[in-house]
Amino acid sequence: MSIETKVPAGEDLLAEIDRLRKERNAVILAHYYQTSDIQDIADFVGDSLELSRKAAETDADVIAFCGVKFMADTAKILSPEKIVVLPDMDAGCSLEDSCPPEKFKAFREAHPDHIALTYINCSTEVKALSDVIVTSSSAETILAQIPEDQKIIFGPDRHLGGYLSRKFNREMLLWPGVCIVHEAFSETELLKLKEQYPGAPIAAHPECPPSIIDHADYVGSTSGILQFAQTFEGDTLIVATEPHIMHQMEKALPEKTFIGAPGADGNCSCNICPYMALNTMEKLYVALRDLEPRIEIEEGLRLKAKQSLDRMLEMTSGTIGKGDLGEVPFKAD
């Protein structure tokens, strides 16, 4: 949807978004990979599932999800009675794009003795074809509960699946998808950065390739990385995930230095998620004003997708409050 010329600017834009939030009884959600202005105006900032669960617990009539489409879809799966809008419907995900439902269905049918553990970064249709959805926070807890002799398909992120396979010594059939952001990190440039900042630990997301993971002092979800930022010794941390996450670190820990891991060009520019960047304050205003673009999911499909999410929540009931399965472990004052 195009933005009309009458969209306000500056302080007027902030005031109008706040007015519409109250008028629509809306809750604004922002993923950690959103720009700092969107994070600062949001009611909740966090991981994708964490945000959807928080929104479901509110009495809001409208959810404005500043993230990517699979995240807004998840919010609709958990809150079918609420209106869910996404500022830009083109805000997709390379992992979701890498796993078309019809191909995933055929892959499953070709391996009927395998169960499908599927990363939450996928379409609603793929969730409906899966046995258990996992997040980067919950994957280890879930995998530990699956019998050793049970064959597993893991998709769509081959790097996250490979990390879990190596850590648990579990053979898994990996779907060949990758996150374009985490794939962009350069081992050569990272080693140069380590020389420049000797002793600085590296925190990496498990979507990173092994060449980056092997140098990391901590590997975990976005919430886990934020928690590590609060506890690491020293004054400098190298962060190997989308660089907008550092906004929350810098707000809460201004006395420390946070450096984004470099891409192949020697800087962080190629590691900014182009999909997340499609959302803007102006588009958020229009979404709240028009209640469009709106997420709609057919009820039968929603219920099938919800089953795989519910299985995850059942299997992780003992980990509520850790990572993206409950309260945010990292809060900026």
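This short talk describes an open sheet and the helices packed against it in a predicted model.

Residues are numbered from 1 along each chain as its sequence is written. Local features need pLDDT of at least 70, side-chain atom pairs count only at pLDDT 80 or more, totals for chains, interfaces and linings use all residues, and side-chain values use heavy atoms, with hydrogens and water left out.

I begin with the sheet. Its 4 strands follow the order S2-S1-S3-S4, with parallel pairing; strands pair if DSSP finds at least two bridges between them, and strands (E, at least two residues) and helices (H or I, at least four) are DSSP runs numbered from the N terminus. Strands S2 (44-46) and S4 (83-85) are at the edges with a single partner strand each, so one side of each has no neighbour in the sheet. From one strand to the next, the twist averages 20°. Strand S3 (residues 62-66) is joined to S4 by 3 bridges, and Ala 64 stands opposite Val 85 in S4.

Now the helices. H3 (residues 48-57) lies across S1 (26-31), S2 and S3, at about 155° to S2. H4 (residues 69-78) lies across S1, S3 and S4, at about 155° to S3. Axes here are lines fitted to C-alpha atoms, for helices over the stretch in contact (heavy atoms within 4.5 Å), and angles run from 0 to 180 degrees between N-to-C directions.

What does H4 meet in H16? The axes of H4 and H16 (residues 299-315) come within 9 Å and cross at roughly 95°, which makes H4 roughly perpendicular to H16 (65 to 115 degrees). Thr 74, Lys 76, Ile 77 and Leu 78 in H4 meet Arg 302, Ala 305, Lys 306 and Leu 309 in H16.

How values were computed. Parallel < 35°, antiparallel > 145°, perpendicular 65-115°, else oblique.
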